[in-house]
Amino acid sequence: REKEDAQLAARREMLEKERIIREEAVLMAAENFNTKIREQEETIGKLREQLTSAKLTAEQGSQQLQGEILELDVERRLRENFPMDTVDEVRKGERGTDIRQVVNELAIQNCGLILWECKNAKAFQPGWLAKIKETLTEEKAQFGVLVFSPAGGGGEDYRQLAENVWLVKPRYAVMVAS
């Protein structure tokens with residue numbers, strides 16, 4: 001009987017140790033699983049951030065390209081409609097507006113200067129007016145025109161922003177130049 005009791009006690013002890021080992025194994029497996037899930041969630045979060053950043057970069061690049069296309073279109077239309085005028089692109093990185101139009105007549109060369117700034121943005125920025133007015137003064141130009149194509153459409157077709165500064169949609173650029 002003592003032998004049986006000893007075996008029974010040993011068996012109970014072994015079962016208790018086995019239960020403890022299983023519980024520790026389950027806890028360790030759960031901890032490892034949770035760690036892997038947290039790592040995956042962290043990776044997914046970083047990938048989302050990178051995707052958002054890449055999307056913003058692509059949209060900005062697209063907006064810059066659209067702005068350059070707008071500028072080239074205005075420049076081409078000015079050259080077509082005013083062949084006697086000197087229409088020059090202001091190179092990227094140079095100080096000033098996007099386009100300089102020196103107005104010429106048959107008898108008079110350089111009768112005036114119109115500065116053109118092309119913007120393709122979501123909304124009008126008041127800082128644009130201050131910049132073009134400053135550039136008008138620096139270059140002693142007679143007129144400044146902000147060609148603004150709102151990204152979502154809408155807005156006014158044209159309006160006078162200041163004494164010698166106009167805001168126009170692209171289709172009215174030639175009309176204002178006339």
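**View 1. Glu71 sits in helix H1.** Helices (DSSP runs of H or I, at least four residues) and strands (DSSP runs of E, at least two) are numbered from the N terminus. The model is a predicted one, in which local features need pLDDT of at least 70 and side-chain atom pairs count only at pLDDT 80 or more, while totals for chains, interfaces and linings use all residues. Residues are numbered from 1 along each chain as its sequence is written, and side-chain values use heavy atoms, with hydrogens and water left out. Glu71 is buried, with a relative accessible area of 13%; buried means under 20% relative accessible area, exposed over 50% and partly exposed in between, for a 1.4 Å probe and protein chains only. Apart from neighbours within four places in sequence, Glu71 has contacts (heavy atoms within 4.5 Å) with Glu89, Val90, Asp98, Ile99 and Cys118.

**View 2. The largest nonpolar core has 16 residues.** A nonpolar core is a set of buried Ala, Val, Leu, Ile, Met, Phe, Trp, Tyr and Cys residues joined through side-chain atoms within 4.5 Å. Val74, Leu78, Ile99, Trp116, Cys118, Val145 and Val147 have the most contacts inside this core. At least two of its residues come from each of helix H1 (2–81), strand S3 (112–119), strand S4 (143–148) and helix H3 (173–177). A second, separate core holds 14 residues, among them Leu113, Leu129, Ile132 and Ala141. In soluble globular proteins, nonpolar side chains tend to be buried together.

**View 3. The surroundings of Val147.** With neighbours within four places in sequence set aside, Val147 is in contact with Leu70, Val74, Trp116, Glu117, Cys118, Lys119, Val168, Lys169, Pro170 and Ala173. Cys118 is buried at a relative accessible area of 8%, whereas Cys111 is partly exposed at 37%. The structure holds zero disulfides, a disulfide being a pair of cysteine sulfur atoms within 2.5 Å.

**View 4. Asn104 in the loop between strand S2 (99–103) and S3.** The relative accessible area of Asn104 is 8%, so the residue is buried. Its side chain makes a polar contact of 3.3 Å with the side chain of Thr86. A polar contact is a pair of N or O atoms within 3.5 Å; within protein, one must be able to donate a hydrogen and the other to accept it, and residues adjacent in sequence count only if both atoms are side-chain atoms. A polar atom of the Asn104 side chain also lies 2.7 Å from the backbone nitrogen of Asn110. Not counting residues up to four places away in sequence, Asn104 touches Met84, Asp85, Thr86, Gln109, Asn110 and Cys111.

**View 5. Asn110 has a positive phi of about 55 degrees.** Asn110 is not a glycine and lies in the loop between S2 and S3. Its relative accessibility is 53%, so Asn110 counts as exposed.

**View 6. Helix H2 spans residues 126–139.** H2 has 14 residues and reaches 21 Å from its first C-alpha to its last, close to the 20 Å expected at 1.5 Å a residue; the expected span is 1.5 Å times one less than the number of residues. Trp128, Leu129, Ile132, Thr135 and Leu136 are buried in H2. Seen down the helix axis, the buried residues of H2 fall within an arc of 135 degrees, so they line one face; the arc is that of the directions from the axis to the C-beta atoms. The cover over these buried residues includes S3, S4, strand S5 (158–162) and strand S6 (165–168). Exposed Pro126 and Thr137 are carried on the face of H2 turned away from its buried side.

View 7. The place of Lys140 is in the loop between H2 and S4. Lys140 has a phi near 55 degrees, a positive value in a residue other than glycine. Its relative accessible area of 67% makes Lys140 exposed.
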